[in-house]
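This briefing is meant for someone meeting the structure for the first time. It begins with a single residue and then turns to the strands and how they pair.

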Amino acid sequence: MKNFSLKLVAFGGSLALMQTAFAWDHLSSSFKLVNNTGYDIVVTKTHSYQMNTNDDSSANQTIAKSSNGKINFWGQWKANNADYDDGMDFSISANGAIIGYFTINVTNNTWGLTYGIKKNTTNVVLKSNASDRLHGIKFRSTEGEIDIN
């Protein structure tokens, strides 16, 4: 009986581990927004799918000319599952007119998430990717950079 109990405990533990390994996790990261324009801009989140900002100031912010802002956000990750349709859309306006737009999206989902941009206007440039990836046994977030010209 003792041997059977140990096998049952081991089996239950492996089921718990499998359930954890295949659960959806929110992986957080950020993009620094660099305003290279000669005027103040407003960056506003307009839509999201399985991603969201971590705070209200990331979803709607005014960035003074020649200064920086930041978008803090999370994406959903599930053990190398297809996350490539996840994204958040942003518009950029100045003096009441839209001057640009971009979408933060998942570009790689192996052992975490790497984020880039797509559907961007030519004045929005990805300088470096953001990520939240598994390093050893811990996730580590890396801030990316988006320049607005």
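**A residue and its strands**

In this predicted model, Ser-91 counts as buried because its relative accessibility is 15%, and buried means under 20%.

**Surroundings of Ser-91**

- Leaving aside neighbours within four places in sequence, Ser-91 is in contact with Val-42, Val-43, Thr-44 and Thr-46, and also with Gly-100 and Tyr-101.

**Pairing of strand E2**

- Strand E6, which covers residues 87-94, pairs with E2 in the antiparallel sense, and 7 bridges connect the two.
- Within this pairing, Tyr-49 stands opposite Gly-87 in E6.
- Strand E2, made up of residues 41-49, is also joined by 4 bridges to strand E4, residues 60-63, and these two strands run antiparallel.
- Here Val-43, which is one of the residues in contact with Ser-91, stands opposite Gln-61 in E4.

**An open sheet of 5 strands**

- An open sheet is formed by 5 strands in the order E3-E5-E1-E12-E9, and the pairing in this sheet is mixed.
- Its edge strands are E3 (51-53) and E9 (124-128), each of which pairs on one side only.
- On average, and with direction ignored, neighbouring strands of this sheet are turned by 30° against each other.
- Strand E1, residues 25-35, pairs with strand E12, residues 144-148, in the parallel sense over 5 bridges, and Phe-31 stands opposite Gly-144 in E12.

Definitions and conventions: Residues numbered from 1 in each chain as written. Predicted model: local features only at pLDDT ≥ 70, side-chain atom pairs only at ≥ 80, totals over all residues. Heavy atoms only, no water. Pairing = 2+ DSSP bridges. Axes fitted to C-alpha atoms, helices over the stretch in contact; angles between N-to-C directions. Buried < 20%, exposed > 50% of the residue type's maximum accessible area, 1.4 Å probe, protein only. Contact = heavy atoms within 4.5 Å.
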